[in-house]
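Here is a short tour of a protein structure for you to follow along with on screen. Please open it up and keep the viewer handy as you read.

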Amino acid sequence: MDIIEKLQDKNNTAAYRFLLDLETTSAESNELYGHFEKFLTLLSHQSSFVRVRGFRLCCAQAQWDSENKLEHHIDELLAILDDDKPTAVRQCLSVLHTVILYKPDLCGRIEEKLKTLNLAKYKDSMRPLIEKDIEELRKTFV
């Protein structure tokens, strides 16, 4: 079973554990940078769990992104912030901190996306949490 198949495993617990292992590997080396395009394909998956995994792994490659793949695909990546699942949006907002740390030149593009988010579609219980996540992210902008 290859990386992408494991990330799409119907057993969400196993797939999540695998994601965490891949994120650890990504923090320590550029071993997975060559899979960036494969991770990108997960963004169009029907499952929000899988979409988030793809997003998180793309972002996890930020420190190794010598070919500016994040910049080339930033609009495609940031489109996930329009997801109907507020938990997916929150997870994605949290890992954007890594992108900003290693790719500060993308702050402007990220900020533009944040300004266009329609938070009204989320329940009153989730909207303030997303707003707080956005404010926390903005604090890291250079």
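## The model

Please bear in mind that this is a predicted model.

Let's begin with helix α9, which covers residues 127-138 and so has 12 residues. From its first C-alpha to its last, α9 reaches 17 Å, close to the 16 Å expected at 1.5 Å a residue.

Which residues of α9 are buried? They are Ile130, Asp133, Ile134 and Leu137. Looking down the axis of α9, you will find these buried residues within an arc of 100 degrees, so they line one face of the helix. The cover over them includes α7 (86-102) and α8 (107-116).

Asp133 belongs to helix α9 and deserves a visit of its own. Its relative accessible area is 16%, and because buried means under 20%, Asp133 counts as buried.

Which side chain does that of Asp133 meet in a polar contact? It is the side chain of Arg90, at 2.5 Å. Once residues up to four places away in sequence are set aside, Asp133 touches Arg90 and Leu93.

## Gln8, in a loop

Now move to Gln8, which sits in the loop between α1 (3-7) and α2 (12-28). Buried or partly exposed? With a relative accessibility of 30%, Gln8 counts as partly exposed.

Beyond its neighbours within four places in sequence, Gln8 is in contact with Leu42, His45, Val50 and Arg53. With His45 there is also a polar contact, side chain to side chain, at 3.2 Å. Another pair to display is Gln8 and Gly54: they are 46 residues apart in sequence, while their C-alpha atoms are 9.7 Å apart in space.

Cys107 is in no disulfide either; its nearest cysteine sulfur is that of Cys59, 13 Å away.

As for accessibility, Cys92 counts as buried at 0%, and Cys107 counts as buried at 6%.

Definitions and conventions:
Residues numbered from 1 in each chain as written. Predicted model: local features only at pLDDT ≥ 70, side-chain atom pairs only at ≥ 80, totals over all residues. Heavy atoms only, no water. Buried < 20%, exposed > 50% of the residue type's maximum accessible area, 1.4 Å probe, protein only. Disulfide = S-S within 2.5 Å. Helix = DSSP H or I, 4+ residues; strand = E, 2+ residues; numbered from the N terminus. Expected span 1.5 Å × (residues − 1). Arc of directions from axis to C-beta. Contact = heavy atoms within 4.5 Å. Polar contact = N/O pair within 3.5 Å; in protein donor to acceptor, adjacent residues only side chain to side chain.
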